[in-house]
Structure formats: structure tokens, C-alpha cells
Amino acid sequence: MPFLSLILIRTALLYLAIGFTLGGLILLNKAVPFQPALWRLLPLHVEFTLVGWIIQFVMGAAYWMLPRLGQYRPRGSDVPVWGTIICLNAGIWLAGIATFVSSPFPLEMAGRMLEFAAIVLFAVHAWPRVRPFGEG
Amino acid sequence: MPAISRWFIKAGLVYFLAAMLLAIGLKAQFSFPVLRFLAFFNPVYYHLLTVGWITQIIMGVSHWMFPRFSREKPRGNEALAWLVFVLLNAGLLLRITGEPMLALNPGSIWNTLLILSAILQWLAGALYIRAIWPRLKEKP
């Protein structure tokens, strides 16, 4: 498994750990209300599990498994994927904490734009690799 | 494909089907008042999709395709993978039952099911990470 897939998948597993913990606490609080403020963690739980865990894991697996481009640089340039990792994770945290922090700066919008940039960068990387195996 | 991966993936497909049927019901409740109780299944719908379908497919495929743990035990601790499957599905089924029932009968004994569900699903997530982490090995 290439290094960048390791980073994406290990990071995704960390988000799974945090996301499931937040979800577990929210569900416990639904069963036995003990801390009303826990409901405020719901957007963070959604962000961590959907984007941090599922999307990031899929990107990690795709970077590893998509057809290779050739022998010299089998997965093409690393630069867009590094950009994906940085933008996606910065976006997750910005969009996630936006509900907790009052800021004149539109944090959630900034987070969503970073997530969008991450998807664009990943598409730039993956597009040429989506082709029949053995071609090229 | 190992047996445990087949169970993960087939269970995932069943949850996907259930989620799509529930989606139809959630829409239909606006036209058929007899289905109004389905409004309490809204969180269940999202978790059928994200935990029952997507997360379970990821767990099944990763157990099957990720780098080998060792020559002797290519997929690491198989018993741990089965335990994850049982805990995740038991936790999810308890949620599917307990969450709408608790919403319909607030303050009732149904909350026990949700407590168990939270613990079982959390354990499933933690043990999956424990099982798959050692198989994440670098190879260019």
C-alpha cells in the first residue's frame, strides 16, 4: 500500500474512532439524558463520520487500487493528493467547529470550500487513472 | 473472498435495501397518515445507510483486500473480525428497534436497548480499528 494511502486510511480510522465515540455519547444521551450540550456535537459527529471516515477512506483505497499510469510514476504526481489530504482535513475541522465558535469569519463556508477543493484535487489526480487495466 | 467478508457485504446489501424501503416510507407518510409513525425512523434511516451499508461494506472489503498480516495469518485475527461483525449488527439492530420505540414511548424501558446499542457499536468500531491497523503496511 503506498504511503499516501496509508496516511489517508490511518487518518480515516482516527476519524472513525472519534466519530463513533461522539455518536455513542449522543445515543447514550438520548437514552438517558445526562448532558443536553452533547446535542451540539451532532454536526461534528456527522462531519467526522461522513467526510473524515467514509470519504477519506474511499480516497485512500482508490489511490492505492486504481490502474497505474506506467512504470516510472505509476500513480502520477503526488502533489494533488497531498493537496487533497491538507484541504480535506482542514475543511473537516473548520466546518465541524463552526457550530461551536462565534466568528465574524464564515467558518463553515470556508470549511466547505476547502472540502470542495479537496474533491477537485482528487478528481484531477484520479481522472487519468480511470481506464482499462494494462492500457498505456 | 473470505466468509466473514461475504457476511459483511451481504448484510450491507440487506441494510441498503432496508434503507431504500424506509426512504420510500418516509416520503409516503406525508400522503398516508397511517404511516406517520415512520417519522420516528428518520435517524434509523441515516444509520442504515452510513453504518449498515457503507461502513459495513468498507469493513468487509478491507478485511478481504488489505495487505496480509503475515504468511501464517494473512488476514490477522479472524475471530476479532467475526466479533466486529456480531457487535456492529447487534448494535444496529438494537438501535433500529429501540430508537423509534423510545420516541413513541418516552421514558420507557426501551432506553436500555439504546444504551446497549451505543456500547456495542462503539466496541465494534474500536475492535475493527484494532484488527485492521496492523495490516496497513507501506509498499510503493
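A few questions and answers follow.

Reader: Happy to start! What should I know about the model and its numbering?
Author: This is a predicted model, where local features need pLDDT of at least 70, side-chain atom pairs count only at pLDDT 80 or more, and totals for chains, interfaces and linings use all residues. Side-chain values use heavy atoms, with hydrogens and water left out, and residues are numbered from 1 along each chain as its sequence is written.

Reader: How many helices and strands does chain A have?
Author: Helices (H or I, at least four residues) and strands (E, at least two) are DSSP runs, numbered from the N terminus. From that end, the elements of chain A run α-α-α-α. The count is four helices and zero strands.

Reader: Are α2(A) and α2(B) roughly parallel or roughly antiparallel?
Author: The axes, lines fitted to C-alpha atoms over the stretch in contact, have angles from 0 to 180 degrees between N-to-C directions. Those of helix α2 (residues 42-65) of chain A and helix α2 (residues 42-65) of chain B come within 12 Å and cross at roughly 30 degrees. Angles under 35 degrees count as roughly parallel and over 145 as roughly antiparallel. Therefore α2(A) and α2(B) are roughly parallel.

Reader: Is B:Gln56 buried or exposed?
Author: B:Gln56 lies in helix α2 of chain B and touches B:Phe8, B:Tyr15 and B:Phe85, among others (heavy atoms within 4.5 Å), not counting residues up to four places away in sequence. Buried means under 20% relative accessible area and exposed over 50%, with a 1.4 Å probe and protein chains only. With a relative accessible area of 0%, B:Gln56 is buried.

Key:
Chains are lettered from A and ligands numbered from 1 in the order in which they are written. Angles under 35 degrees count as roughly parallel, over 145 as roughly antiparallel, 65 to 115 as roughly perpendicular and the rest as oblique.
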